[in-house]
Amino acid sequence: MSQCHCLLLPDLPHNLPDFIQAMNCRTLDEEAAKKWSLEELRQALVADFDQVQCIVGSDQTPTRFWLQAIAVYPKARLVLRTRLHGEGERWNEMRSGEELQARLGKEFAKTAKIGSKAASKESSDKKSSGAAKKTQTTGKKPVGKASGAKTDFDLPTMTGSDLARWAFIWASWGKQEERLQDVLAEAARRDVLKPGYLEEVRSDIQAGENTLALKLKIFAARLQSESQADFDKRKASLLEGADKRSVRQIEIALEKDTRVPWSKADRPRVTQSGLPWISLQDGRHPNSLRHLEAARNWDILIDETGEAFGPEVDQVGLGDNALGRIAALALPVDRVKLPRLRKGFHARSEEPEDVDKAMKDLLRQPVGVLGFTQKDAIPGLDRNWVSGVVTLMRWVLRLLPVDHPETETVPGESARITFHIENRSEYTAGVDLFVVARLLRAEMAELDPRFAQVNLEARFITKDGHRANGYIDALAYTWGSQAAVNRDRLRRSRLQGHCLLRPSDEAMERLYLLLDRHRELEPSEWYTLVSHLQDEPAGSLAREISQQLGGTLKSDAGRWKRYLAYVQSLMQRKDYVLAELCNALDWLAEWQPAEQQLPPRLQLLWRSASLARHNHMGAVALEDVRACLALSRDLREEAAAECCEADLRVAVAATNSFDFESAFGALNDWVGLPAAVPGLRNWAKVQSSLGQHAAFLGEFEDALNFWRVASEAFARLSDASEKQREARQTGTYRLLACIDQMVADSAAELDFSARWQELTGLAPSAFIKRPEVREDGPRFEHHLLVRAMVALPGLESEIAAYLDIEKFWFSGIGHPWPLINAYRAALLHRAGKAKKAAIWAQSALDILAAEEAPLLQWMRQVLAVWLKAEGIRLAEEESDSGSDTLKNTLPAAPHEALAEWSEALSAGEGLSPQQNWQWLNRCLPFNFH
């Protein structure tokens, strides 16, 4: 308090308290002052005292001294000395002139009324002039009055109760950190004269923050509600137990926001989106940012949804509308043609079908999407909106496929990337982002020197500041809203988990934020990088870093061994995905130092995994087959289970080559051994595999016997989920074989519906109605059902139910979707829908045409002949069954049978559907179709 300037008014005792004696005190000439008029007193105060922070007087000080001192120094604190009834005194801080008036009584009020107008005129004029000047200089409007508070919220002049009240209100608004810091500083100064006041204000601020969290929940409930009555019920539940001032603040906020989802009362409730299902491509989303085609110039639009971007994030759930989510939309300039949305398009106020159309138009274009929630534990992310935006900018730049010029840059040739960020709060279009753009470009140039030539710009824009801003608004709204139609649209878009990331999503994109040329990757980070490299486009930052890392490891055997040891630890714990492990081992083999090599057991695992990868694609990998056979012989006593798994994969490889005898021989050594040698699961798989080989040869009774033994073995597994999965797969094999047996032998009997219900737990008609059937759900059961409907008689009601949901049919990429689509074509053609049948037939063949594996190319040739036999019109080239290439790459396939079938059709022989199915079974036996 030593720096405080204090004005002592007349009629104070000489024995001042210690806290006043420590101040820099000034006094009036009491004798002269008592003769002055009010105006003379005022002039003396203005002339003689350049600054006053505290005015001290007593209950005996004439009122006019108090009045003029307060008028001249309205920001000063007021300290009053009052005499007690007995001997003694009390010193108190008065929080306002009104409180002082109440203490001093009517005399003060009377004097103030008479003299205040003239006495304070100059002071008021000065204050008004200063406020006007401040407003003109800053361009900011003063905040309006509320409950008697000062218009410009001059904190030192506010009463103690007003200061505490506004501390609560500002905290309940959110985004008032600087103002609340000023409030706490003022409260700390007052705490000297009124101990405990600072804690009182802190308590009010905490109450305001709690009100903000409650307000966010109520706004989320408002967006989720379908009607006013529904919202009122939700609001009442959330407000239960809340204090009156919290309720008041929330009601005010709700009154100001008049936009409500039920604003059109007569609009029917829409729960299902019209957005077509987006198909993944090899597990990748078509709008995955890092997989787009490289472009020279990019526009990146950034928008957010939700309100919680600060510490209040901890108080909202992942499913709350209020949770802050930030999304980016990357547009390759001059490559995207988006229909222009109407001016002022705002997804929240649009009809669902309009948002559906915007999303459909957007996602069919080669645009990239990336987003995350404010709950994400992303390196460098702070709890505020700006940090979220900058983090997303950094992330986008690391993923963005930029087409850098190979030659020396010339004017107009440099790549250009422009960020367009929709403004928020005080971050308006006039705020300069030049420094942010410069820092991000320098950071990227350190990672990728080509970025040194990139022109990087960033700017805040208004809602109409970019022609495509309505599209990122539709995207963000779809992601953040919890309304049923928006949740359905988000599911159909398949963006969540691929492009729009939740904290739990372990996406490759996350690793890009950790890449650094000067930082050694931890073994777990290295494994994540190299195990997913096959999905990374050429020239990506991940491939660049992995190449540099590999070159380093060629001469760093110690580091190579550390990474190898990590792979071995995963293998020992059986904590790996086989394909990912294979990729990591591929990388280690490529970059191993000259004196190092993979241990034999890891070589077996590597070759076995590589073989499994080729088998999955229907390809033949002879080098892997030979390596697995040799390693399996050498390691059988040391690693029986791993050797058995390798032999099972060798059998699959032989099957894919139509070499069923060799497939049987690869497993022959395991047939007579106890189950404990290779392990119960592997032993049961051997029995199941033998059953499949028998079915490929048309030996259905032998196949059913093998599967019976396999089912009994699988039933003894301890893992319930594994037991159920294997039982379901074996049951599928048995039902497939039964269908083929019935077609081949008219005497065979099959109650398909009963067997299907035994397998799935549902009647076929009930299965068809499941939502998953309209998605990439139980696709193998889906395939089995449509196969049966084409092959078997007596399923007319099931066929009718399936055709009824035709508009919801979904088609994915990979096996068995080409088969499902081919069977759909047959069902449609038999129902008299020839044009639609041709479309689905072509879809099946187009999917297979994109594959290189010989088995899948053979499948395409056979299906083309069968679809033609069904009467479906195909492109002329699709009906050509001859293929010299396939005769070389797949010599054991039944080429002669296919040629004979084709000749019979060309000769006009009238083959029945059952006869065509028998031909199909000869050319594509068992589960090849």
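This is a predicted model: local features need pLDDT of at least 70, side-chain atom pairs count only at pLDDT 80 or more; totals for chains, interfaces and linings use all residues.
In which sense do strands β8 and β11 (residues 500-501) pair, and over how many bridges?

## Strand β8 and its partners

β8 and β11 pair in the parallel sense over two bridges, where two strands count as paired if DSSP finds at least two bridges between them, and strands are DSSP runs (E, at least two residues) while helices are runs of H or I with at least four residues, numbered from the N terminus. Within this pairing, glycine 371 has leucine 500 of β11 as its bridge partner. Strand β7 (residues 325-332) runs antiparallel to β8 and is joined to it by six bridges, with alanine 327 standing opposite glycine 371.

Residues are numbered from 1 along each chain as its sequence is written, and side-chain values use heavy atoms, with hydrogens and water left out.

Because six of the six residues of β8 (residues 368-373) are buried, the strand is largely enclosed by the rest of the structure; buried means under 20% relative accessible area, exposed over 50%, and partly exposed in between (1.4 Å probe, protein chains only). Gly368, Leu370 and Phe372 point one way from β8, and Val369, Gly371 and Thr373 point the other way.

## The five-stranded sheet

Five strands form an open sheet of mixed pairing, in the order β2-β1-β3-β4-β5. Its edge strands, β2 (24-27) and β5 (89-94), each pair on one side only. Strand β4 (residues 77-83) runs antiparallel to β5 and is joined to it by six bridges, and leucine 78 has methionine 94 in β5 as its bridge partner.
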